[in-house]
Structures are given as structure tokens and as C-alpha cells.
Amino acid sequence: MNFLTLIWLFPIALALHEAEEWNILQWYERNFLELPPKTNPTIRTFLVFVSMLGFVWTGFAALWNNPKAAAWILMPYLAVSLQNTLQHIYWLYRFQQYPPGLLSSTLLLGPVVIILAGKALSSDLAPAWYIAALGALQIPGLVETIKADNRLSPNFHKIHNFSVWLADRILPKPMPRPNE
């Protein structure tokens, strides 16, 4: 299968991973201290946003009809997704329970990322130094996750704050009740 066709496995795997995280709020509440204010709608807004972004990013990468350009454009998103897969594996170890998203990240998303990176390397679409550099850039985020222990890392706080901000702007506001 050619690379420009193969890359569409990524947003599909990503969307399935985000869907598996649909009910992650209760898991967060059981395992993390000092959570920012969150609701299922704010989390789900972010999950849909990430899924849509995966399709848009992949579409932009494919737009040029150039496998080399697509590999260079897509690799950063793949690297961040692989970091999230590793975070799920760490959370399984740390909390000794299933973190929502673990199955799809380890059985689907992570393997798709590795296959795409391998295809980019074997087809000379992206050099090893580029893929290795993107991988190395994920290490601080993993270290931050481990150091945060049972608190959200600063980057996860930013993600949660963004999801609240996004939901506030796109979700309908509750209607005021009569006599209030």
C-alpha cells in the first residue's frame, strides 16, 4: 500500500482511541488529585476536537500528493500520539487499573504510528534523524507524567484548561429556568 493511502489509518486509529476515552472523567477523578474543573461534556469536546484535528492534519499532509511532504508533516502528530500510548502504559503500571484508552492505544494507535514511521524510513520519505529527534522530543513529556505521579502534569493541565475553554465556546449554554 502506498504511503499516501496508508496515512489514513492514523486518524481512524486516533478517533477510535479518543472514543475509548469517552468516559475517562471517572477514571481521572479516582486516580488524580487537584483536578481542574471538568465535566464529561468538556472532556468529550476535546476528544472530538483531537479526532477531527487528526483527520484535518492528515488531509493537509495528503493534500500535496507528495509522500515525502506527507511524512514530514504527519510525523510530529504521530510522535505525540506515541507519547500518549506510552503514558497509558505507564498509568496502567502506576494505578494498577485499566486507564481508558489503553486497548486502542496499545493495539491500534501505537502500532499504526510505528508502521507509518517504519514505512517513512524504509521508503526514504523521512530521515532517521528527523524521526529520532521527534521521538526524543517526547521524552520530557513522559518524564513530566512520571514525576507528576497522581497529579496532572503541567501539560495535561493546559490540555484540560483548553478543553474547558473550547467547550465554553461551542457547547450550548443551559437555558435559564423561569422565575430565576
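A residue is called buried here if its relative accessible area is under 20%, exposed if over 50% and partly exposed in between, using a 1.4 Å probe and protein chains only. The model is predicted, so local features need pLDDT of at least 70 and side-chain atom pairs count only at pLDDT 80 or more, while totals for chains, interfaces and linings use all residues. Residues are numbered from 1 along each chain as its sequence is written, and side-chain values use heavy atoms, with hydrogens and water left out.

Trp 27, with a relative accessible area of 1%, is buried, and Tyr 28 is buried as well, at 7%. Rings of Phe, Tyr and Trp (its six-membered ring) pair if their centres lie within 6.5 Å, with planes under 30 degrees apart counting as stacked, over 60 as edge-to-face and the rest as tilted. The whole structure holds 18 aromatic pairs; in one of them, the ring centres of Trp 27 and Tyr 28 are 5.7 Å apart and the planes lie at 50°, so this pair is tilted. The rings of Trp 91 and Phe 156, by contrast, have centres 5.5 Å apart and planes at 70°, and the pair is therefore edge-to-face. Because Trp 91 lies in helix α5 and Phe 156 in helix α9, this pair ties together parts 65 residues apart in sequence, helices being DSSP runs (H or I, at least four residues) numbered from the N terminus. Ring pairs link Trp 27, Tyr 28, Phe 32, Trp 91, Phe 95 and Phe 156 into a cluster.

Asn 150, in the loop between α8 (139-148) and α9 (154-170), is buried at 18% relative accessible area. Beyond its neighbours within four places in sequence, Asn 150 is in contact (heavy atoms within 4.5 Å) with Asn 31, Phe 32, Leu 33, Arg 94 and Phe 95.

Conventions. Helix = DSSP H or I, 4+ residues; strand = E, 2+ residues; numbered from the N terminus.
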